[in-house]
Each structure stands twice: as C-alpha cells, then as structure tokens.
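Hi,

Here is the structure I promised to pass on. Have a look at it first, and my notes follow below.

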Amino acid sequence: TTTDLAAEEDESGFLPSAGLTFRLAPEAVLDLTYARTVAASGSGGIVERDTVDLAFDYGWSETVSLGLDARYRAQEGAFDSGAVGRDFIRVEPSVAWDINEVWSLRAAYRYRQQSFDDQDGDSVSNAGLVTLTYRPLAWSLGD
C-alpha cells in the first residue's frame, strides 16, 4: 500500500478562552466564559467549537436563590473533515432552597434547541427538573 503524505495538512491556529466574573450586588454574581476547542465529532470528523456560557446567581434570601444558566455553541467542520456544522442553545432558569444545613431542593426548567447545517428545521427539547440533595456535615475518622 502507498501512503499519500501530501494529503496530510499541517495547520495551526489559536484556541482562545476567557472568563469574567461580575459581582453586580452583594447577592448577585454573573459569570461569562468563552472558549474555542477542536475535538473529534460523533461522525469521525474534526470540529471546531465556539462556546459562550453565562451563569447568573441571585441570593434572594438566606435560604432561597434564583439562577440562570445559558449556553450557545457554534460548531463547524475543521480541516475539511466533512463534519456537519451545528448551532446549539440551552437556557435553564432555576430556584434553589436550602431546607436546612444538609438538605437542599432545586427546581429548574431546561430549554434546548439545535440546528444542523445539512438538515431543515430545528430540534427542540423542554424539561422540568427537580433535585433533592443531601450533603452530610463534615466528619473525620480522627479525633
């Protein structure tokens, strides 16, 4: 067999990432992040992804907090790999309640939408989430 070395490409580029945190008030925090990544796709090609994440948390009271998480991701095939481009959006507002020192309850609504460059129409999903969490108080085996 013959290997075609001329078909291999050597490309370089930048993979930037950045994050900012804003304290809007003593009880309100906004985090913004951006990252570009290169990864293998599910179809075996190489994709370049640009992702923007937003996380907002507002401490409404000592036991109740409101949150909003969001993500936008744009994906395109890299290095002529034939991978399909895709746009993805996720938005998730939530309410969390610290019941006591060890128990907390969180309710959220999740909306997701994605579109592929090679398909007509968008895929949409909606979900309601309820999470009950137990965090035991710190303990150790020593004195």
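**What turned up**

Ile-99 counts as partly exposed because its relative accessibility is 36%, where buried means under 20% relative accessible area, exposed over 50%, and partly exposed in between (1.4 Å probe, protein chains only). Ile-99 sits in the loop between strand S5 (86-98) and S6.

Before going on, some background: this is a predicted model, with pLDDT of at least 70 needed for local features and 80 or more for side-chain atom pairs, while totals for chains, interfaces and linings use all residues. Numbering runs from 1 along each chain as its sequence is written, and side-chain values use heavy atoms, leaving out hydrogens and water.

Ile-99 also belongs to a nonpolar surface patch of about 690 Å², together with Trp-97, Trp-103, Leu-105, Val-130, Leu-132 and Tyr-134. Such patches take residues with over 30% relative accessible area and no salt bridge, joining nonpolar side chains (Val, Leu, Ile, Met, Phe, Trp, Tyr) within 5 Å and like charges within 9 Å; a salt bridge is a side-chain nitrogen of Lys or Arg within 4 Å of a carboxyl oxygen of Asp or Glu. Areas are Shrake-Rupley values with a 1.4 Å probe, and for residues only the protein chains shown count as cover.

Which strand gives the most to the nonpolar patch? That is S7, with three residues. Strands S6 (103-116) and S7 (123-134) each supply at least two.

As for the whole protein, there are zero helices and seven strands (DSSP runs numbered from the N terminus: H or I of at least four residues, E of at least two). Of its 143 residues, 19% count as buried.

Best wishes
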